[in-house]
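Open the structure in your viewer and keep the selection tool at hand. Each stop below tells you what to select and what is there.

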Amino acid sequence: MAEESETEHAARAAMRAEAELIFRAGVAAADPGAAVARALEAEGWQGRFVIAVGKAAPAMMRAALERVGPVEAALVVTNPENAQEVAGAEVMVAAHPVPDAGGLAAGEAVLEMLGRAGAGERVLALISGGGSALLPAPVAGVSLEDKAAVNAALLASGADIHKMNLVRQQLSRLKGGGFLRAAAPASVRALILSDVVGDDLSTIASGPTAPPIGSREAAAQMCRSLGIWEGLPESVRGHLGARAEALPPLPEARNEVIGSNAVSVAAMARAAPGARVMAEPLEGDVEEAAQVVLAAGEAGPGITLFGGETTVRLGPDPGAGGRNQQLALKLAELADWPGQWVFLSGGTDGRDGPTDAAGGMVDHGTRARLAAAEKVPADYLARNDAYHGLKLTGDLLITGGTGTNVADLQVLIRRG
C-alpha cells in the first residue's frame with residue numbers, strides 16, 4: 001500500500017473522528033444519572049435504604065439522593081475504574097470481571113443492610129451491568145476462590161451472558177432473586193440500566209431482583225455441555241449436584257428498565273441521519289459477528305450501526321484483549337472494500353476485557369500498518385492478543401471509564 005497523501009490522511013482522520021462521535025452519542029444516551037432522574041421525577045419514592053450496584057452505581061446513587069433526600073443507609077458497590085465519592089453514601093470497590101475480596105465484603109454489606117429492612121418498608125435498588133461479579137456472595141461451602149475459578153472457566157469457554165448467569169445465580173445468595181429474599185418482608189423497587197441485549201431481567205447483573213434463569217440441575221448440565229464440569233472446584237460440583245431445598249415463592253419486585261442498548265443505538269442513529277441500523281443485535285461468536293459486519297459493508301458506501309454483545313472463545317494461553325478488540329481486528333483481516341472505511345467496536349462501559357481500552361477502531365490502512373511491522377492480523381487473533389496488535393497500529397479505542405454500561409456499540413463507515 002502506497003504511503004498516504006495529506007489529503008487521504010485528513011479524510012481518514014475525519015472518518016475516525018465521525019465514527020467516535022457517533023459512538024459517544026450512544027454512550028451519552030445511557031447516562032445513568034439522567035435516567036434515574038427521569039424515573040424518580042415521573043414517580044417519587046420514600047424509604048430508608050438505597051443500594052446501587054454496578055459500573056454505573058455512583059452516578060445512579062448521586063441522582064437518586066438528589067431527588068429523594070437523605071436516607072438512613074445508602075450503599076454503592078462499583079468497580080475501580082468507575083469508583084467516585086458520593087455524598088451521603090458509602091462507596092465500596094470490588095473487582096470486575098473476576099470477583100475479589102472487595103466484592104465478598106460488599107456482598108455481606110448488602111445482605112446486612114437488606115436484613116435491617118422490615119415489614120412495610122421499601123428498598124430502592126439501582127442496578128447496572130457488572131453487578132454480577134461485584135457481588136459474589138457465595139452460598140455456604142463455596143469459597144470466593146471457587147467462584148473466581150468458575151467465573152474464569154465460563155469466560156474462557158465462550159459462554160454467552162445467559163449461560164454464565166444461569167450458573168452464577170445458583171452459587172450466590174443475592175443473584176437470581178436472592179436480593180428479594182434477603183429484603184423480605186420489605187418491598188423492592190429496582191431501577192435498571194440494562195447491559196443485556198433484549199433486557200432480560202433475569203440476566204442483567206445476574207438478576208438480583210428477578211426470578212432465576214433455571215435450576216441447579218440446569219446449571220450443572222450447562223457446565224457439562226460447555227466442557228468445564230470436571231475442572232470446576234469440588235465444592236461447586238457438590239452444590240450444583242445436590243438436590244435443592246424447597247423455597248417459598250419469590251417475593252415480587254417492581255422492576256423498571258431505564259436505559260438499554262436499543263436506546264443507545266437509536267441515539268447513534270439520530271447522530272448519523274440516513275445511517276442503516278441493523279435490526280438484529282450483533283451477538284454470538286466474534287468470528288460469526290465479523291461476517292455479519294462484512295456483509296453489511298458489502299451493501300456499499302454509507303454508515304451502518306450495530307448494537308449487541310459478542311463472545312470470544314479463549315485459547316489455552318490467551319494474550320490481552322476483549323471481544324470488541326477481537327472483532328475490530330478480525331474485520332481488518334477480512335475487509336477488502338474499495339475506497340476508505342472505518343469500523344469501530346466499543347464497550348459502552350469504556351473497558352473491553354481486562355484492558356484499558358474500550359475496544360478497537362480499525363480502517364482500510366490497518367493491515368498495511370501491521371505489514372510495515374512485518375505482522376498480520378492472524379498473528380494476534382489466534383492467541384487472543386488483539387490489544388497488542390491494535391496498539392501497534394494505533395487502533396485502540398481509549399475512552400476511560402464512562403460510568404455506564406449498556407453492552408456494545410459498533411459503527412461502520414464506508415466512503416467511495
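The tour goes from charged pairs to rings, then to a helix and some backbone details. Keep in mind that this is a predicted model.

**Stop 1: a bridge across the chain**

Select arginine 254 and glutamate 43. Their side chains meet in a salt bridge, with N and O 2.6 Å apart. Now show the secondary structure. Arginine 254 belongs to strand 6, residues 254-259, while glutamate 43 sits in the loop between helix 2 (32-42) and strand 1 (49-53), so this pair ties together parts that are 211 residues apart in sequence. Are these two residues buried or partly exposed? Arginine 254 is partly exposed, at 37% relative accessibility. Glutamate 43 is also partly exposed, with a relative accessible area of 37%.

Glutamate 256 is buried: its relative accessible area is 17%, and the cut-off for buried is under 20%.

**Stop 2: a bridge between two helices**

Move to glutamate 287 and lysine 330. Their side chains form a salt bridge, 3.2 Å from N to O. Glutamate 287 lies in helix 12 (residues 286-297) and lysine 330 in helix 13 (residues 323-334), so the bridge ties together parts that are 43 residues apart in sequence. Colour the two by accessibility. Glutamate 287 is partly exposed at 40%. Lysine 330 is buried at 13%.

Next, select Arg12, Arg16, Asp363, Arg369 and Asp395 together. Salt bridges that share partners join these residues into one network. How many salt bridges does a search of the whole structure find? It finds 25.

**Stop 3: rings**

Select tryptophan 337 and tryptophan 341. A search of the whole structure finds one aromatic pair, and these two residues form it. Turn the view until you can see both ring planes. The arrangement is edge-to-face, with 5.3 Å centre to centre and 80° between the planes. Both tryptophans are buried.

Then go to tryptophan 229 and arginine 224. Which part of arginine 224 sits over the ring? The charged end does, 4.3 Å from the centre of the tryptophan 229 ring.

**Stop 4: helix 2**

Select helix 2, residues 32-42. Begin at its start. There, a side-chain oxygen of aspartate 31 reaches to within 3.3 Å of the backbone nitrogen of glycine 33.

Now highlight the buried residues of helix 2: Pro32, Gly33, Ala35, Val36, Ala37, Ala39 and Leu40. As you look along the axis, remember that an α-helix has 3.6 residues a turn, so residues three or four places apart point the same way. What do the buried residues of helix 2 pack against? Show helix 3 (57-68), strand 5 (187-193) and strand 6: these are their packing partners.

**Stop 5: a buried proline**

Jump to proline 377. Its place is in helix 15, residues 377-381. Proline 377 is buried, with a relative accessible area of 5%. Show what surrounds it. Leaving out residues up to four places away in sequence, proline 377 touches Leu329, Glu333, Arg367 and Leu370.

**Stop 6: backbone details**

Most residues other than glycine have a negative phi, and most peptide bonds are trans.

Select alanine 184 and proline 185. The peptide bond from alanine 184 to proline 185 is cis, with omega near 15°. Proline 185 is in the loop between helix 8 (178-183) and strand 5.

Follow the chain to aspartate 199. This residue is not a glycine, yet its phi is positive, about 60°. Aspartate 199 lies in the loop between strand 5 and helix 9 (216-225). It is partly exposed, with a relative accessible area of 26%.

Finish at alanine 205. Its phi is near 55°, a positive value in a residue other than glycine. Alanine 205 lies in the loop between strand 5 and helix 9. Is alanine 205 buried or exposed? It counts as buried, at 9% relative accessibility.

Technical notes. Residues numbered from 1 in each chain as written. Predicted model: local features only at pLDDT ≥ 70, side-chain atom pairs only at ≥ 80, totals over all residues. Heavy atoms only, no water. Salt bridge = Lys/Arg side-chain N within 4 Å of Asp/Glu carboxyl O. Helix = DSSP H or I, 4+ residues; strand = E, 2+ residues; numbered from the N terminus. Buried < 20%, exposed > 50% of the residue type's maximum accessible area, 1.4 Å probe, protein only. Phe/Tyr/Trp six-rings, centres within 6.5 Å; stacked < 30°, edge-to-face > 60°. Lys NZ or Arg CZ within 6 Å of the ring centre and 35° of its normal. Contact = heavy atoms within 4.5 Å. Polar contact = N/O pair within 3.5 Å; in protein donor to acceptor, adjacent residues only side chain to side chain.
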